[in-house]
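Below is a set of questions and answers on one protein chain, to be read beside its sequence and coordinates.

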Amino acid sequence: MSTTAGIGPPEWAKRLGYGGLVPFGSLAMAVWLADPAYRAKRATTAGPGWRKCTAYRQTGPGGLPLALRLSEGLAALGKGGVCTLATMYSLDRLSSPCRAASEEARPMPESTTHKREIHVTAVLSADHPTPDQMRALAKYLSTYRDGSGNIREDDPDKSTRADSRQIERCFAELFGVKPPESKSYYDFAVEINKDGGVVVSAASVKSKEAENIRDFRDSKKRKTLRAYLEIANASAKDWKLCREMGLSEDHFRGHKYASKFGAAILQRQSDERAAAEAKIQMQRKNAAIRVVDANASVFLSVMYSPMDKDYQRDYLVSSYSIILPKPASWEFRSKALVGFDEHDGVLYEWYALSGSQFKYYPLIRNRKYGSNLFQLLKPAQESLHQKSVRMFGHA
């Protein structure tokens, strides 16, 4: 199992054969299983430094424990928690969460370990997805290949795949939250308790087919491989801000004021993100103060290859900071305003007069967290009649 900053499961958790990290910025979580005898002895009461809060078990395909819906209790970096049934105890003092969990959670002899309860440690970073968590995400995405996906594939089985909205649902399910499915800058958010308030880490999910994504297998080509994120296409709002800054469509057509136009489109994204965060931070009646941590919020990128000869696609999942970096320079190229990074590579493209598409191309090697290439499973195709019988029985 991966570890981060000295964080890892105690040896008894390793022996049980379970454990995983979801490494997407602060939306990361380690799920460990322990036996119920410990819960009966120790976990029903909180010791010094722990406080009680609420959590729920999330079960996915094959019964794999995937995540917890954390309504409260996951505190700052370096703080851990123990969950039994629907109760979690969060460690309020800074210490080694796994050491604390290891000292508190001593397994009973193997003869008594018939059932297992969830123990969870929340962390704010991780190195790579564990096999268990990536298998879970792959299973979620694979469910849409049975005919329920909104995009029809060109293969002999006439299978389907998930569209962008359905991919968002897969991530939201993985983190145990409900996506708003709106046109907000963020697609979902996870709340954690901190210092008497609620800190929110949010994510914007972007998905795109990429012809060259299999180059990720080549260590040399990987160094220059870039992700493809379509950030926005809000023409009216973009041009409203441009006009306020004294910029016009004629200026863009004439390739004038490249730097000013670049500053305008980045400011537009910053304003849109701030508006989404303000909406999230709106306090409910008698609720704790809510703050969105932009430094812990991410773009989640899902890139996938065209089909191969076996009608399979390769997928790559990565996360990037939600705060867009400033390019080294801006210049016009044909119909686009292009931002270049310090490597003289294309970092941004803005087609202001063609739907106002704004595209972001970060180097994959600069991603915060991510996966290796993986493929989806092939479920049996199911007709509507078969599905209705399975779900509701025969008429």
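This is a predicted model: local features need pLDDT of at least 70, side-chain atom pairs count only at pLDDT 80 or more; totals for chains, interfaces and linings use all residues.

Q: How many helices and how many strands does the chain have?
A: Helices and strands are taken as DSSP runs and numbered from the N terminus. The chain has 10 helices and 19 strands.

Q: Among contacts between residues at least 6 apart in sequence, what percentage joins residues at least 24 apart?
A: Contact here means heavy atoms within 4.5 Å. Among contacts between residues at least 6 apart in sequence, the part that joins residues at least 24 apart is 65%.

Q: How far apart are the end C-alpha atoms of helix α9, and why does that agree with its 24 residues?
A: Helix α9 covers residues 258-281. At 1.5 Å a residue, its 24 residues should span 34 Å, so the distance in the model agrees with expectation. The end C-alpha atoms are separated by 35 Å.

Q: Which residues of α9 are buried?
A: An α-helix has 3.6 residues a turn, so residues three or four places apart point the same way. In α9, the buried residues are A258, F261, G262, A264, I265, L266, R268, Q269, R273, A276, E277 and I280.

Q: Which residues is Q269 in contact with, leaving aside its neighbours within four places in sequence?
A: Q269 lies in helix α9. Its relative accessibility is 2%, so Q269 counts as buried. Leaving aside neighbours within four places in sequence, its contacts are Y185, I231, A232, D238, L324 and F358.

Q: Which residues lie nearest the centre of the largest pocket?
A: The largest pocket has a volume of about 780 Å³. Its lining is made up of 27 residues. Those nearest the centre are K206, E230, I231, A232 and N233.

Q: Which element gives the most residues to the lining of the largest pocket?
A: At least two lining residues come from each of α5 (164-174), β10 (197-209), β11, α9 and β18 (357-360). The element that gives the most, with 5 residues, is β10.

Q: How many residues of the lining of the largest pocket are charged?
A: Asp, Glu, Lys and Arg count as charged. The lining also holds 8 nonpolar and 8 polar residues. The charged residues number 11.

Q: Which parts of the chain does the salt bridge between R226 and D341 tie together, and how many residues apart are they in sequence?
A: The closest N and O atoms of R226 and D341 are 2.6 Å apart, which makes a salt bridge. R226 lies in the loop between α6 (219-222) and β11 (229-232), and D341 in the loop between β16 (336-340) and β17 (346-351), so the pair ties together parts whose separation in sequence is 115 residues.

Q: Are R226 and D341 buried or exposed?
A: The cut-off for buried is under 20% relative accessible area. R226 has 19% relative accessibility, and D341 has 8%. R226 counts as buried, and D341 also counts as buried.

Q: Which residue meets R243 in a salt bridge?
A: R243 is partly exposed at 48% relative accessibility. The N to O distance is 2.5 Å, and the partner is E249.

Q: Is K309 buried or exposed?
A: The side chains of K309 and D310 meet in a salt bridge of 3.5 Å, N to O. D310 counts as partly exposed at 44% relative accessibility. K309 has a relative accessible area of 72%, so K309 is exposed.

Q: Which residues are linked in a network of salt bridges?
A: The structure holds 20 salt bridges. The residues linked in a network are E153, R161, E209 and R313.

Q: Where does S356 lie, and what is its phi?
A: At 0% relative accessibility, S356 counts as buried. S356 is in the loop between β17 and β18. Its phi is positive although the residue is other than glycine, with a value near 60°.

Q: What separates the C-alpha atoms of N212 and S305?
A: N212 is placed in the loop between β10 and α6. N212 and S305 are 93 residues apart along the chain. Their C-alpha atoms are separated by 7.2 Å.

Note on methods
Residues are numbered from 1 along each chain as its sequence is written. Side-chain values use heavy atoms; hydrogens and water are left out. Helices (H or I, at least four residues) and strands (E, at least two) are DSSP runs, numbered from the N terminus. The expected span of a helix is 1.5 Å times one less than its number of residues. Buried means under 20% relative accessible area, exposed over 50%, partly exposed in between (1.4 Å probe, protein chains only). A salt bridge is a side-chain nitrogen of Lys or Arg within 4 Å of a carboxyl oxygen of Asp or Glu. On a 1 Å grid over the protein atoms alone, a cavity is a set of points where a 1.4 Å probe fits but cannot get out, and a pocket is an open set with protein on both sides within 12 Å along at least five of seven lines; lining residues have an atom within 4 Å of a point. Grid points are joined across faces, edges and corners, and a volume is the space filled by probe spheres set on the points.
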